Amino acid sequence: MKILVIGGGGREHALCWALKKDPAVKEIFVAPGNGGTEEFCNNLPISVCDIDNLFQWAREKRPDLTVVGPEAPLCDGIADKFKSIGLKIMGPKKRAARLEGSKAWTKEFLLHYKIPTAEAHIFENPLDAISFSASFKFPQVIKADGLASGKGVLIAHDREQAEYSIRKLMNQRLFGAAGKKILVEEFLEGIELSLFFLLDGKNYKILAAVHDYKRIEDSNKGLNTGGMGAFFPSPLFDERLKNSIEKNIIFPLMEALKQEAIDYQGVLYAGLIITRDGPMVLEFNVRLGDPEAQVIIPALDTSLVEIANAIADRKLDELQIQFKNDIHCVGVVLASKGYPETFEVGKEITIDDKKLTEEERSNSHLFHSGTKRINGKLVTSGGRVFCAVGWGQSLEKGIAFAYRRLSTARFEGMIHRNDIGQLNSAYLKS
């Protein structure tokens, strides 16, 4: 098989790493890829947002399967274009991708179909938003409506913070056009959970429940990021919680998609919060998460090609998803100083894994996120630079192997959290 992977982050490096091990896969092309994928794939100099050139390349080269990593091309309709010429692609069409493309639309969708979610009010005028916010209960969640790479959520604890956040999003356009419309939302208390499930338009299969760490600093302090680490499996996702999520969220969601004639084929990522009143939806994403993908993929025994084919052929009900026995995966993100706001790139990277034991080497991997090669040197090219992943027969082993792998990489200004894998009181209050 000839595979095209669209994206250039840690999620895409992990996807390529797994696909490379599949005996059915002969060639992997990545657009645009990074310094890690360059080592064993064919990187293409095409941006994830350059739909026309991606389509032109695919029309000429006819990949057997295309796997889309990030949300932007899906929201721009890349699946529609590829399917129009008979190409197999893993990812929903534009109409279905609106579940991530517009938080306002999704909030109205959830409320209409009585799927548990936070109370929220939608605004296009900053003065109206500020006026409402002043009388709404605190803390509040201020959300950009559009795509903001997982960072378009601000928490306000008082009127001053709320007004600052609203102006930052709507007047200063912190996340560009994503902040043209915003939501002022009720703050929910509980434990956040990233739930991934697969849909083929008729059936669904739960893939994985993961815990993600959004805040930049230890003990869940500081700014929201695209994710500073994750671990799998969730110790909280037992049969009771699974049944509750299916009954209150997945079943009504499947019925709502049917009612709206939305044919969803792909991965759906439900950002949930487990409250005292039960599980509730914070948001939907229409693809695998990053860094969640990096801790799901090493644990997965079922081929990604097999999963993609089951989705495309509408045969999810026949698919058996298998994970390695008793495996725990932990991923720790190495980021550039200043992330998620202003940071420098072009910092030279050194990687020295000679100090790892054979056990540490075989139970960990360093996935590249924001790296590229310039004149033969590996340098930083993004806010999140690596995700060091470790796995073992216990969570403690996974944590130890992840941090040992992390210690092999160095670049100026490197930052990371030291508490990934800990489900402590600070995490529970995030």
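Glu 71 lies in helix 3, which spans residues 71-75, in what is a predicted model. With a relative accessible area of 9%, Glu 71 falls under the 20% cut-off and is therefore counted as buried. Its side chain is joined to that of Arg 287 by a polar contact of 3.2 Å, and, once neighbours within four places in sequence are left aside, the residues in contact with Glu 71 are Glu 100, Leu 147, Ser 149, Val 286 and Arg 287.

Glu 100 leads on to helix 5, where this residue takes part, with Arg 98, Leu 99 and Gly 101, in meeting Lys 103, Trp 105, Thr 106 and Phe 109 of helix 6. The residues of this contact divide into 3 nonpolar, 2 polar and 3 charged. A packed pair of helices is described by the angle between the axes together with the distance between them. For helix 5 (residues 94-101) and helix 6 (residues 103-112), the angle is about 95° and the axes are 6 Å apart; because angles from 65 to 115 degrees count as roughly perpendicular, the two helices are described in that way.

Trp 17 is buried, its relative accessible area being 14%, and, not counting residues up to four places away in sequence, it touches Phe 40, Ile 297, Pro 298, His 365, Phe 367 and Trp 391. Ile 28 stands 11 residues from Trp 17 along the chain, and the C-alpha atoms of the two are separated by 9.9 Å.

Note on methods. Residues numbered from 1 in each chain as written. Predicted model: local features only at pLDDT ≥ 70, side-chain atom pairs only at ≥ 80, totals over all residues. Heavy atoms only, no water. Buried < 20%, exposed > 50% of the residue type's maximum accessible area, 1.4 Å probe, protein only. Contact = heavy atoms within 4.5 Å. Axes fitted to C-alpha atoms, helices over the stretch in contact; angles between N-to-C directions. Helix = DSSP H or I, 4+ residues; strand = E, 2+ residues; numbered from the N terminus. Parallel < 35°, antiparallel > 145°, perpendicular 65-115°, else oblique. Nonpolar A, V, L, I, M, F, W, Y, C, P; charged D, E, K, R; others polar. Polar contact = N/O pair within 3.5 Å; in protein donor to acceptor, adjacent residues only side chain to side chain.
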